[in-house]
Amino acid sequence: MKTFNCFFILCFLYSIVTLAKPPQKIYSITRQNLSAEYYFKQINLWKQEIEKNQHNHDAWFNYFMAHQVLLEKGSISTTDLQAINEALQKALPASFEANFAQYVVQKDIQFLLKAFDLAPHRYETYPDLIQYYKISFQDEKVTDLCQKWLASGEYSSGLLHWNYNVLVGLSKNAILLTEGDNYTHPLWLLQHGKGLRQDIHVLNLELLTQPDYRKTIFEQLEIPMLISNEKPAIVRHLSQVHLNYPLYLGISISKGLIKNYEEELYIVGLAFKHSPKAFDNISTLVDNYEQHFLLDYLTTPLYYDISQDIVHQTNVNYLPAFLILHDYYQENNEWDKANQIKSLSLKIADAAQKGDDLRAYLDNNFQSGKSKTMIEISHKDIEENFEPLDYNLNLYAGVTEVTNEVYELFLTDLLKRKEFDQLQAHKIYKTDWRSYLPTKFQNLPEERLYLHGSPDDPDAPIQNISYESATAFCDWLTAIYNNIEHKKKKFKRVRFRLPTEEEWMLAASTLSPNADTTVVFKEYQYSWGGQFVKNAQGCFLANFNTSNSTAKDPKDQGSPALDGAFFSLVADAYFPNNYGLFNTIGNVAEMVQEKGIAKGGSWYHAPEVSTIHHVQTYTEPQPYIGFRVFMEVLEEGTQDKIRKGMMGPPNTLHLKGNLYMDESEITNISWLEYQYWMKQNEIDKYETTQLDTTVWISLGSQYASFQKFYHTHRAYADFPVVGVSHQQAIDYCQWRSKVVNEMLALNPSSQKKFGKILYRLPTQKEWEYAASGGLDKKDFPYGYNTLTTPKGGKKVYLSWSNSEHSKDSTATANAYSFTPNGKGYYNMIGNVAEMIQEKGVAKGGSWIHTPNQSKISNQLSYDVPSPWLGFRCICEIGL
């Protein structure tokens, strides 16, 4: 009973202590920035103290300060603060607190000077007094106050350290433009209070908006005068005029003030150096980081700092420079330094509650190939392991699933780069293989169990890794290939990735994407066609789980290895499909882009669930799931390299596989040739070849002559045909197929080379592939690196003016004018928009369309012939 009573009393006393927690000292928002809720709570606590004693100076001061912070946060109004000030004036007339509060409300410097006279030890007056004496150029008083402030111990050591590193990173006699109290006051404290870097001219933007101060400063520094008092004008003026001193912009300056000068700003640490000419900032960054910065306070703070939260947020400004240094050290194989600065950056980010964001950035940096690899693989070794997929013009599939040997190269590279966190994230999980066997087979000797090889052998497929590991491997391989410099390298830039489920099914089946898979896959269940899983000799055609199959020998009944293997085999076992891909069915199921889905079945799955259309699901790494890499070609190479040996049927260039495309749009002369032939040979159809010449009328009377002359005058012979309907374009393709095949029949060598051919309108995918010019249309939406030539000319023919028919020419241009893209095709963008197989859809824009309307991915609509609409043919050979 005594024990219970003691416990009750202790709990009661604890609750009293907790409830009676005293009010806290209130600091300015530049020193401590807590929640509005906190300040409202402090207001109530300090109000209780005032109610106990109306003349409590400390209570009134903190009560007022809490209201001031809330005003700066936008949580109360100016009227609210004025009411508190009036009450304070009545309670404590002529006091330090009354004069200080009056200054805050009225901004009359005389009240602040009076407050200082009454209490020269009170540091709260120092910030604005220092600023006042700075403006009036009373440097002795600035120095005196800075020394007093430092001696008081009432300034954040973390902010002083940060600003010390700002100063030491600048050139001698530099001008430093700053914005914000915490990015200005500590610089003055260090300069005037400690005598550090007094050669630096610290110019606060807010102070420079005051004309008299700016005039004097500009005269002292021999800067041309400026009339405007606006911050943007001041920044622009300092960036454009000739200065006798190096110009730096503090890293805290608002983005909106510097966005027009970003190309002239070079980060050198905690400031940007302004330089119209190219400047090697990396060497300066390295020197500052390795020789000048004091950084121990970031890892081992020695003092409690009331401003610690603000310090943490301020320290985030180290990260841009540190991430640049991290990449620099990696590129130069200085892995210890790279990991040291990475660790420091993560510590800074974690303290500011931005660690997850930084880790996501570093992971993306690693995944996007910006993190330098240390493993060398030849382009040939990579390229020869991929086969083209006929159904997709720029997609290739890995011949085999990724093997243990190749995946180990990835892990070795991570180890060499000391990417220990990535190494752990992408590890291969261990497998107890015997536990996956039926009980009667678990004690088999290893020589029987692994008769045809172990699943851990180098040439067996990798398995038991995470989805994230598979995608990271793809990103790593992308970085490897894209960083290879070799004249015989097939592709300039590629992206290795997991296939989508649809891409995987088409690659496994080798079927056309136009096939009705809901019907076909009922009959065409496996990559070798049909519903059977054994050949004529009774041998399994893939590595399945055969436990439910009938064994020839009764003692083998229930064995999962009737196909020759208990687990996964070498990656190129069994026969490949028609694309040359091994084990799309069986061995290990293959991950696709849709996370949690695998395809093709495995040694663990029965044949009936290992068909092309079946899905295997997973939530974690499994020893029966691996992956196959697909290669997407983003940029193919130089134009000369591509054009060489690519001439095909008349007027075409090779596109991909058995596809060729017209080098230019169909011209008036080609259409006249078509009309002449039809008139001579099929007069009854001649009328259908007539073009709609009235299309020009819609553009106005200035185009009247085009109605009469455009299609027939020799001046326009090589201009693109317009006024043509979708059906007429199809008819032209069919006629062209007929006459060219007849021509080839008269030339055996040509017929042997091309076989039977078919001209048609391109599909949208084919057109976009040709228009991309071998570039990634996401990065180059017009199929060119830039739309202008080095001399400023235009590479494509579009409407470059905002006015309705203000063009570079009167109408269309010669079909062979302007610059061909990387594949050699003229005017895929501009001149005339081009019809595709889908009726009513045109691509590429024209002479009346803007660049934005003419991007490769955009579609234009039409329902009748138009003066801006033409076409070109695609040609299939070897049919």
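Biologist: Which helix does Ser737 lie in?

Modeller: Ser737 lies in helix α31, residues 726–745. Helices are DSSP runs of H or I with at least four residues, strands are runs of E with at least two, and both are numbered from the N terminus. The model is predicted: local features need pLDDT of at least 70, side-chain atom pairs count only at pLDDT 80 or more, and totals for chains, interfaces and linings use all residues. Residues are numbered from 1 along each chain as its sequence is written, and side-chain values use heavy atoms, with hydrogens and water left out.

Biologist: How many helices and strands are there in the protein chain?

Modeller: The protein chain has 33 helices and 21 strands.

Biologist: Why does Ser737 count as buried?

Modeller: Buried means under 20% relative accessible area, exposed over 50%, and partly exposed in between, with a 1.4 Å probe and protein chains only. Ser737 has 6% relative accessibility, so Ser737 counts as buried. Of the 879 residues in the protein chain, 52% are buried.

Biologist: Which residues is Ser737 in contact with, leaving aside its neighbours within four places in sequence?

Modeller: Contact means heavy atoms within 4.5 Å. With those neighbours left aside, Ser737 is in contact with Ile757, Leu758 and Tyr759.

Biologist: What radius of gyration does the protein chain have, and what would a compact globule of 879 residues have?

Modeller: The radius is taken over C-alpha atoms, and the globule rule is 2.2 Å times the number of residues to the power 0.38. A compact globule of 879 residues would have a value near 29 Å, but the protein chain has 38 Å. Its C-alpha trace spans about 110 × 90 × 50 Å along the principal axes.
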